[in-house]
Structures are given as C-alpha cells and as structure tokens.
Amino acid sequence: MSAKAITEATGKDILNRHLNQHGAGAANCRFATVNAETDWSKLSADQPWLLTTPLVVKPDQLIKRRGKLGLIGVKKNFEEVKQWIGERINKDQKIGNAVGKLRNFIIEPFIPHTEAEEMYVCIYSHRSADTILFYHQGGVDIGDVDAKAVKLDVKVDSTLSLADVKTTLLKAITDASKKERIAKFIYGLYATFADLYFTYLEINPLVVTADNLYILDLAAKLDSTADFICRPKWGEIDYPPPFGRDAYPEEAYIADLDAKSGASLKLTILNRNGRIWTMVAGGGASVIYSDTICDLGGASELANYGEYSGAPSEQQTYEYAKTILNLMTSSPKHPDGKVLITGGGIANFTNVAATFQGIITALREFQPKLVEHNVSIFVRRAGPNYQEGLRRMRDFGSTLGIPLHVFGPETHMTAICGMALGKRPIPQVASVEFSTANFLLPGGQQAQADLKEANEAAGLGSADESDGSATTNHQQGQSNGANSSFNRKFFSNTTKAIVWGMQQRAVQSMLDFDFICRRDEPSVVAMVYPFTGDHKQKYYWGHKEILIPVYKKMSDAIHKHKEVDVMVNFASLRSAYDSTLEVLEFPQIRTVAIIAEGIPENMTRKLIVEANKKGVAIIGPATVGGVKPGCFKIGNTGGMLDNILHSKLYRPGSVAYVSRSGGMSNELNNIISKATDGVIEGIAIGGDRYPGSTFMDHILRYQSDPETKLLVLLGEVGGTEEYDVCAAIKDGRITKPLVAWCIGTCASMFTSEVQFGHAGSCANSDRETATAKNKALREAGAYVPDSFDTLGELIHHVYGELVKTGRIVPREEVPPPTVPMDYSWARELGLIRKPASFMTSICDERGQELIYAGMPISEVLNKDVGIGGVISLLWFQRCLPPYVCKFFEMCLMVTADHGPAVSGAHNTIVCARAGKDLVSSVVSGLLTIGDRFGGALDGSARQFSEAYDTNLHPMEFVNKMRKEGKLILGIGHRVKSINNPDVRVKIIKEFVLENFPQCPLLKYALEVEKITTNKKPNLILNVDGVIATAFVDMLRNSGSFTSEEAQEYINVGAINSLFVLGRSIGFIGHYMDQKRLKQGLYRHPWDDISYVIPEQYN
C-alpha cells in the first residue's frame, strides 16, 4: 500500500517542523500524546503548559467525526483530562461496524475562537492533479463538504500561485488582510503537501483569529513508498492500523521482512480466533481467495488476509509460513477443526518448488500442533517448477498425520475454498495435467522452419506479420476518445525491444517465447546496464547461442538500434523514474513497460504526464507486463514455457483481456485457453493507484482491432476506472461483448478497513467498492459472473454464442512448436542428471542458513564453540572435545607471530613496502613456509610417528637420523636452548600433559630432546615439534578418530594447517603495521651484501 494514514500527532509533528519554512505563518501545534504506559507526573513536568491551560482531549486512532461521536473533551483542566481518558482507555468503543479499544489520545491547548473563525481546508491527490478544497465555514457541522467547498486543481505538471488561491478559493473572504494570510497559509500548506509526499491532508477546523492561524483537527496520509526520499524530513513513521483492528507484533514482523526483501510479504490479522487461515501467493490471487471464502459464508471465520509474491526465497517463505502457523496454533482450538488454504495463481517467475520447500519446513516444525488443532490443509498452485513443488508437498503430506490435499492448474484456482469449507466434494484423484516444454531434438531447428512454412501455407501463421509494431493503426478509424498514445497496435511479430537491467532470466524467457512463436529474429536487440562497461551477453535462440549487446548508456543503445520502439524497464523503484524519463527523450520509443513496484506516486504521475506529451504508452508500474500471443511478450509474463504452451500463447486466439494483477493475468491465460480459442492480447496495467495506462486505454484498442472478438476485464476494489468502461458501453464506444469482474467483494464484509495487496486496492467510498462496480457493469450491459469461481464458465458461454453466430470461426489447432529446455530447469524437474564438478562435505550454504558440517551457523554461535570449534567442524567434520578446541586456539595464539626477522614476516614486509595489496603481501609470506620455516610440523609428525610406531628407542632414532644425514624436524632452535627455554613450548607441553587423555608421542619426543640437548643445548623440542607430536596424540587418542582416519590426516599434511592459519594472523599484522607507519620501498643495504664477482675473463 502506498497511501497510508498517520496519526494526528504524527501529522502535526511533521507540519511543526516544515510548514512555516514555506511561509504559511501558522502557529505551531502544541500537543501531548497519552497511552496506557504514560507517566502523568513526567508528562506534566516535561510539558508544564498542561497544568496552566484549558485543554482539549480526543482519541488519536484514525477515527473520523470524533466530535459527532462525542469523543472530544473540551475546556478541561489537567485532572479532568486524566479522568476523561481514564474512563475510556482500553474500553470497547463501537464506531460504525467496527468495535475496538481506545488506546491512544492526544491533548492540546484549547484555542478560544468563534464559529465565524472556523474554516475548512483539504488537499488530496489523484491521477492528473492535486485538488485543494476550501470552505469559509468549518467545524463539526460543516455537512457535505464536497458540495459546499470551492475546488482548485493543481495539475501535475503545473505550480500553484498565490493569485490562483485568492481568485479561486477565497472569493468568500472579503477582508483583504485576512485573505492574504489565508492565501499564504494555503500556499505554504500545498508546498509542504507536495514536498513531503502527502496524498491526503485535511484540516477541520482551521481557526483564523486576528493574530494567528491554528490547526485544530487534522487527518493525513503519506505516500509510504517515498520513504527513501522523505525519511530525513519525516523521521521514523509509525503507521497505525485502522480503528477496530489491533496492531499485532506478527504483522510488524512480516512488514519488516517485506521492507528488507525484494519480494512482497503482507499480513493482516482479521480474527485472531478464526478457523480459516490463508497463505496465498500473489496480490490479486490473495484478494480473490478472500472473496471466495466470504462468498461461501466464511467471512466471520476468516482469520487473516495476506500474500507472498515476487519470488521470495525459501527462507523468507519459511519465515512467513512459520508466522502464520504460530498464530493459527496458538489461538484456541475450534470444535470443527481449522483449515489452512495454501493457494495461488499460476506464477510468472516464482520458483514454486523453492517456496513450497520453505512451507514444508515450517509445517514439519509445527506438525504436532497442527495435529492437536485438527488442521486440514488445501493446496493449489502452478508456475515455474510447480510439478516438483506439488510432488514434494504430496510426499510430505503422506507423513504429516493430517489431511493435506494438493492440486495444480488442472483445478480452478478457487475450487479449494469450496472444498475446505465443505461446499464442494474433494476429488479422490486429481486429473493432473502433466506438461512441460517440448524438447528440441537434433535437427529440430530445421524442423521448426519446415513447420512454419507448412503453417503459413495453411493460413495459420503468426499474427500481425506485415505490421511493424511502431505503425499507427490509421485503418482502424476513430480513436473513440482514447489517449492518442494508444491509438495503435503495440506489438507485432517484428517488435524490437531494449531491456533496462541485467535481467538474464527474463530476457531468455522473451527469446524462448519469440522462438516458439516462429519469429524470424529475437525481440530483444540490446540491454542497458549502467553499472558495467559495454559488453555482450550470451543467450540461446533455440539451441543456438547468440550474443546481445549490453550498453552502459541508454543513448548508445537507442542510436545503434533504430528499429527499437519498446523498452522493458526492470530498474529498481529508486531508479525507474530517472531511467524512464531518460528514454522518453528518444522519439523512436513508443511503449515503455515499468516493472518495479513501490515507485512514489508523485513520480508516477509525472511520468504519465511526460509520456502523454510525447505520445508514449506506459504499461505499469508494478506490473509483470503483457503478452501478444504469436508476437511478443514483456519480461516474465506468461511464466515458464510449459505454461505458455499449456495456455496456447504461442499463437493468437480471439479474446483480449486487461487486468490490474500480473499474477492473475497468468491465471486468465489459463482460464481463457480452456474456455475459448485463446488469448489475442493481454495486458496487466499494474497494481499501483495510478497505472501508466488505464483499462479504457486498452479496451478501446481491443475494440478497434478487427481480430479481437471478445473482451475480458478483471478489475478490483478501489478507484473508479471501471465506471469509464460502463459509460463507454452505454454510449456505444464499446460494442464487442465484454466479460467483467471486479475482485475485492469481501471488503464490505470486514468490520475494519483492509488494504489488499495492490497499492490501489482500497475503497475510499461506496462507489469504489467491488460490489458497486460489478453492479454498475452488469447494468451497463457487460457480462458479469456471480463470482470469480464462475468467470471461466461465463467466458465459455459468451464465446460459444459468438461461435454459433459465426462471429468467431475457430481455427484448426496447430501442434505446439518445440524448444529446448534450459539445463537448470531440466535438472530441477529431475529429467536429467550430470556428475558434479565438485564435491563438498564440510559446508552447505543453500538452505535456510549456513551449515558447518551439519551444524547450523546459529547453533555454532549460540553454543559459543569458538574458533577451535569451527576448526573442528570445517577441518575434521565433527565436534571435537573442548580440550582439543582449546589446544587448537592455543596453537594459533603461540604461532601467530615470531617477529619481523623471520623469513615469512620479512617477505610480507618487503611486499607491503613495495605497494602490494594485502592478499599479495600475505601470500608472499605464506610461500616461505616449508621444512626450513614453519612447515616442519608435518615432517616432524611423520618422523616421530614412524620412529615410535616401529618401536625405535629414542637413542636409536637419533642415531638413525644422524647416520642418514637428516635433520630431526621439530628439534632445534636458532636462539632458544635448554638454558633459555621457549615459553611457548612450555605452555603447550604443560597443557597437553595435563588435559590430553594420553600423549605417548609427545613424551617420546621429550625423551629424544634429552638426548639431543646433551649433544648441544639448543637442540630443544621447538614449537613445531611440540605442536606436531601433540596433534598426532590428539588424532590417535581423543576417541574421535579411527586409526585409519588419524593416519590419513597425517599423510595429507593437515598438521601444518595450524601454523599456516596462526602465522597468517601475524603476516596481516605486519602488513597493516607497515601501511600504518607509511614505510617506503625497501632496498637492501649494500654493506649487508657480500659481492663475490668472478675475476674478469682474459
């Protein structure tokens, strides 16, 4: 939702900070807020005016007409205000059909004034303008303000002047000084309204005294999508729920998830104790499911409204499902049990299997509680990878212990509602339609060409083969009053497009669609992505690979591809406005599709004005796009190839539709393909309040197209565009049969206002309700079903009549063309297998959270296993005993550094001083590790192990090594000796002897040390030797490894790992130290080099 109501206190706080910066000249609003937690003593201390001023008190919970309802206390002192609030706080209050508790109040100083000083001001935005209402009388008895107030429209592309305010709005104000002050106030108020992205701002009354202007009562809404622009000016905004519905922490949690996600996650709790719970995919589908449940008599038991869409991840879906299941199973049990309806339309790009896996994980977690609450689950879904998703759900359902019924696109979308409520029988075996994209076998590319020739010979070729997509459709006659931007065909089989954004999957989907439509060339000729340099991106055309250029600048793409007339804009909500404005500067672009959801309304309205000036048609924002079967599709419209083939979108039919919902457009493709000869064109105009194009723009296009025989409109609650369609039917501009249905009929059954998934789907008056619009469409002459459940049946009936009368002559069905399936999807569907290039057994990042050797990262942190524990998991695939983890950490600490003089540190320092980066410098130090420096751990472990395992006496071992002329690795030190022992060795040795269950190899090494130090005092057991032998003792005697595993770790050189990891810490320290000290390039001094040059050759 974009336009969200704010409390009176929030609105006045914003105006206090910004209104007078625009010269409004109003008094600051003094107020105090009170709730159940308020400390009255502190409140009066912080705001002493409360004790000295007559006060006004009222609830601040989005309640309209508080004065008429007796919910305002006037001219009370502080103690009386406390008593007034105490009598009402947390008490039930009935307002209309809504019953709620009064929890939040606002206290203000009483402003003495006469009725003559009360006035009314209101500003609200709509598609083409901002309207300012002014009436010279205000207050609770103002009456019908729409009939009384003077109106001034400020067009989107114009500015407000003081003269306009005075001459249009203030005619009834005769006092020149007063008129000037009010004019400046309204001018400043409007400037604040526009600057801070208000969508509604009502002041009643505005009190104008001789010396000041006071804002008494205020109601306001903000465009919440403008948060990324206005947060510094707004501050933190808390959007309260409508009166009669409490704010739940679960709703706030889902709202937070939604804000942090590119997907859409919505949750509204309607009845905490209801027995019917929904978990629906798609904004439009979620409304239709609620409609159907209410139509079937389930309104009073419907527990929640919500939706998940926009390809949420498995983890996000899990969190969403877990929240709903927790709500469902924490409320009281119901004698009839509870039902969970997990439904959705046919997804365009959401991976059904991935989202279902998140739901399955949540169901598994709540399985005992679901059984306890006698829950029945009904599932219906389709879209990308739905076959695998439904299979997983069915398989899991057989183990869940409660009824779980699973259906796919073969079942009408809302049929499961009737099943869940006992109004419709549950089929024992679903008639599953198994379909997937046809494979293109070797030679298929030529077969494709042969099939195309055969079809053309039979008159079954693609639609619009001779039309360029930019050609204006002059032959169609009058424009019927439509925007001139729309008096043409949008797409043909030669349409060429530029895609803004690195949307590889969407582009490949468009190319695959082109291919099965038998287009001669791809529709996407270029991409624009400003975050990389110019390059080319590889895609598939059939089974061939092609390259599509990617440009950094839009101008380069446009100038190099003069044939392009469509742009598909995948820019984010933050950059979609600028990127669209940029492309509107190029006259060759005639159609722009804006996919992003959440573009601020002011920006969208400006885009609409600019596009109309340039004669450019905009589809969106907040849309999946549209499709012209046999010709062109926008982005992810139509979903995967299996759905495109199933819905026969590869060739034109006779039915054109327009919808707000992108997800429901796919469901319409399915319904129309089953009920008629298929779709000829379908557009989803987008769910925002101000879509770039309207229902009428497209319906009149369809009316003018002789190939379109039947029109379908899927409207929704909110807005009044459907009444334009009614008028066009009545005055004869629409003569073709129109089947129409507006979703959102359930809204009138709820006791409090509910904002549905789309920003525009909220009724602000009775006229905007879905029920009123369906009634008006039926009376105007449109075919209107009783519910969405019977929409397909009605379309089939009207289509049958057109066939009977000869207005539609069905064509012979052509076999669907073949196209290769992407490898990734073929593997996802289990159709192919391929040996993996890599294998791993220590870490898995694919699921809900990172896993180290079977332990989730949350558990790693919660158990505080430390670095030693992480080493045990990632190096040894198991949790080793705490003393082993401590040993690892001690080894890292004692090996972290040994000064700048050793070879590894020296190399790191030299590289750092040569200006090399961190990684290069550290690697240069690590490369010195070997038998002579640091890397003796592995060699030492092998030598001592072999000697011990062959029962060599320590003296025999020493003699053997001397005889072979080999050094005993791990023995000897350049500086330390028996008289100057290495403290590091002492610490490790004492810890091992005290904590390890057995340490025979270390003791063996200590016996060897006694012999070697008798020969030379510096032949001590050094750090390498003590760590190496202790490491072997740990492997062999901790009880965590078999003897074979222990030997394998010794053989693969694992023991050196501790020195490598530990010394990396020191190398990084030396690098940072040199950079911090700003040391220059190192050059070794001559006097430290012995130059031994051969005598000159004679």
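The structure holds 52 salt bridges. By salt bridge I mean a side-chain nitrogen of Lys or Arg within 4 Å of a carboxyl oxygen of Asp or Glu. Before going on, a word on the source: this is a predicted model, where local features need pLDDT of at least 70, side-chain atom pairs count only at pLDDT 80 or more, and totals for chains, interfaces and linings use all residues. Residues are numbered from 1 along each chain as its sequence is written, and side-chain values use heavy atoms, with hydrogens and water left out.

Buried means under 20% relative accessible area, exposed over 50%, and partly exposed in between, with a 1.4 Å probe and protein chains only.

Take Lys333 and Glu372. Their side chains form a salt bridge, 3.4 Å from N to O. Lys333 sits in the loop between helix H11 (314-330) and strand S17 (338-342), while Glu372 belongs to helix H13 (residues 367-372), so this pair ties together parts that are 39 residues apart in sequence. Helices (H or I, at least four residues) and strands (E, at least two) are DSSP runs, numbered from the N terminus. Lys333 counts as exposed, at 51% relative accessibility. Glu372 is partly exposed, at 46%.

Next, Asp256 and Lys260. They meet in a salt bridge at 3.0 Å, N to O. Asp256 is partly exposed, with a relative accessible area of 34%. Lys260 is exposed, at 67%.

Then Arg88 with Glu87. Here the closest N and O atoms are 3.4 Å apart. Arg88 is partly exposed at 22% relative accessibility, and Glu87 is partly exposed at 45%.

Which residues are linked in a network of salt bridges? Glu8, Lys12, Lys58, Arg66, Glu108 and Asp217.

On to the sheet. Seen in order, 7 strands run S22-S23-S21-S20-S24-S25-S26. The sheet is open, and its pairing is mixed. Two strands pair if DSSP finds at least two bridges between them. Which strands are at the edges? Strand S22 (535-541) and strand S26 (617-619), each pairing on one side only. On average, neighbouring strands of this sheet are turned by 25 degrees against each other, direction ignored. Axes are lines fitted to C-alpha atoms, for helices over the stretch in contact, and angles run from 0 to 180 degrees between N-to-C directions.

Look at one pairing. Strand S20 (residues 497-500) and strand S21 (residues 524-528) run parallel, joined by 4 bridges. Ile498 has Ala526 in S21 as its bridge partner. Helix H19 (residues 576-583) packs on the sheet. H19 touches S20, strand S24 (566-569) and strand S25 (591-594). Contact means heavy atoms within 4.5 Å. The direction of H19 makes about 170 degrees with that of S24.

Cysteines next. How many disulfides does a search of the whole structure find? The count is 0. The criterion is a pair of cysteine sulfur atoms within 2.5 Å. For Cys417, the nearest cysteine sulfur is that of Cys294, 10.0 Å away. Cys417 counts as buried, at 0% relative accessibility. For Cys891, the nearest cysteine sulfur belongs to Cys885, 12 Å away. Cys891 is also at 0% relative accessibility and counts as buried.

Last, the domains. The protein chain is divided into domain 1 (3-234), domain 2 (249-421), domain 3 (497-805), domain 4 (839-864) and domain 5 (880-1077). These bounds come from an automatic or database domain assignment. The C-alpha centres of domain 1 and domain 4 lie 54 Å apart.
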